Amino acid sequence: MTPKRFNNPFHGVVDMITEMNRISDTMSSIETSQAGERERGFADAWSPPTDILARGKDLVIRCEVPGVYEEDVSVSLNHGILTISGERRRDEDDVVYYSSERFMGTFRREISLPDDVDEEHIEASYGEGLLVVTVHGAANQRGPKRISIARRKRT
């Protein structure tokens, strides 16, 4: 008895932009001799949608990372740069995708904070695919100082 061939019920349903992106990614992989799927690194990581807002004196950063487990998310502060990073993992190897439009692999988002912020001013919480980082007292900090540029003299 021959095995029953399974047809993709979503064949032809993928939108044009997604298909063009897939073709572009495939061509880029061939040109750089990285044919097939490759792991994303921090240089080409996807960036999750993020809102940055003021709530009173606090700076609030809301980052959407649905499908990412809490233990796969990291928040760090280094030299005034808040970094949100992590990874959205694929399902088990025995899964067949008919359409895959969500970004998978590592993600990274970097946000500049005022100079005097340190880790004691920051708290983070995660639930239902939303990471919320609150930077206490950072909303009303003075913005960057503009530096005037003088005309260079010819030598």
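Trainee: How many aromatic pairs are there by the rule in use?

Mentor: A pair of aromatic rings is described by the distance of the centres and the angle of the planes. Rings of Phe, Tyr and Trp (its six-membered ring) pair if their centres lie within 6.5 Å; planes under 30 degrees apart count as stacked, over 60 as edge-to-face and the rest as tilted. By this rule the count is two aromatic pairs. The rings of tryptophan 46 and phenylalanine 103 are stacked because their planes stand at 10°, with centres 5.9 Å apart. This is a predicted model, in which local features need pLDDT of at least 70, side-chain atom pairs count only at pLDDT 80 or more, and totals for chains, interfaces and linings use all residues. Residues are numbered from 1 along each chain as its sequence is written, and side-chain values use heavy atoms, with hydrogens and water left out.

Trainee: Where do tryptophan 46 and phenylalanine 103 lie in the chain?

Mentor: Helices (H or I, at least four residues) and strands (E, at least two) are DSSP runs, numbered from the N terminus. Tryptophan 46 is in the loop between helix 1 (16-31) and strand 1 (50-55), and phenylalanine 103 is in the loop between strand 4 and strand 5, 57 residues apart.

Trainee: Is tryptophan 46 buried or exposed?

Mentor: Buried means under 20% relative accessible area, exposed over 50%, partly exposed in between (1.4 Å probe, protein chains only). Tryptophan 46, at 6%, is therefore buried, whereas phenylalanine 103, at 45%, is partly exposed.

Trainee: What is the geometry of the pair of tryptophan 46 and phenylalanine 107?

Mentor: The centres of these rings are 5.0 Å apart and the planes lie at 50°, so the pair is tilted.
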